[in-house]
Amino acid sequence: IEMIHDKGCKVALSYHDFDGMPEAQDIVRLIMGMAGYGADMFKVAAMSHSKEDSTALLKATAYLTKKEIGPVVTMAMGPEGVITRIVGGKYGSVMTFASVGQASAPGQISADIMKKKLDEFYGE
């Protein structure tokens, strides 16, 4: 990370769990650990099996955003997690992902649908 910073570049660290969703406090610990390595941006993508899983992710996102540790990107994968890809910005997630063509992750929606959903949710 230090060598990358020496070259004037930023570092994004990410964590993916394709099986389940960590508890909110574990997501916070994961991202705080990434910050401890000196990264500049932090991403967590984990599989949601319920509304409670998605809520845990959004809760952790809001907490981390309030702590101002740096840009945070979070999303829940799978059908139960689609909502987090749309509303995450309200909780502090700085970006979302959509697909053009085939999805690259479970629950990823097309760019066209994402634009429509974002416009509806954010009132554009």
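Residues are numbered from 1 along each chain as its sequence is written. In this predicted model local features need pLDDT of at least 70, side-chain atom pairs count only at pLDDT 80 or more, and totals for chains, interfaces and linings use all residues, while side-chain values use heavy atoms, with hydrogens and water left out.

Q: In what order do the three strands form the open sheet?
A: Strands are DSSP runs of E, at least two residues, and helices are runs of H or I, at least four, numbered from the N terminus. Two strands pair if DSSP finds at least two bridges between them. Here the pairing is parallel, and the order is E1-E2-E3.

Q: Why is one side of E1 and of E3 left without a neighbour in the sheet?
A: Strand E1 (12-17) and E3 stand at the edges.

Q: How many bridges join E1 to E2?
A: E1 and E2 run parallel. Asp 17 stands opposite Ala 46 in E2. The number of bridges joining E1 to E2 is six.

Q: At about what angle does H3 run to E3?
A: Axes are lines fitted to C-alpha atoms, for helices over the stretch in contact, and angles run from 0 to 180 degrees between N-to-C directions. H3 lies across E2 and E3. Its angle to E3 is about 180°.

Q: What covers the buried residues of H3?
A: Buried means under 20% relative accessible area, exposed over 50%, partly exposed in between (1.4 Å probe, protein chains only). The buried residues of H3 include Leu 57, Leu 58 and Leu 64. Their cover includes helix H2 (24-36), strand E2 (41-47), E3 and helix H4 (82-91).

Q: Which side chain makes a polar contact with the side chain of Ser 54?
A: Ser 54 lies in helix H3 (residues 51-67). It counts as buried because its relative accessibility is 4%. A polar contact is a pair of N or O atoms within 3.5 Å; within protein, one must be able to donate a hydrogen and the other to accept it, and residues adjacent in sequence count only if both atoms are side-chain atoms. At 2.8 Å, the partner is Ser 48.

Q: Is Glu 68 buried or exposed?
A: Glu 68 sits in the loop between H3 and strand E3 (72-77). Its phi is positive, near 55°. Most residues other than glycine have a negative phi. With a relative accessible area of 71%, Glu 68 is exposed.

Notes. Contact = heavy atoms within 4.5 Å.
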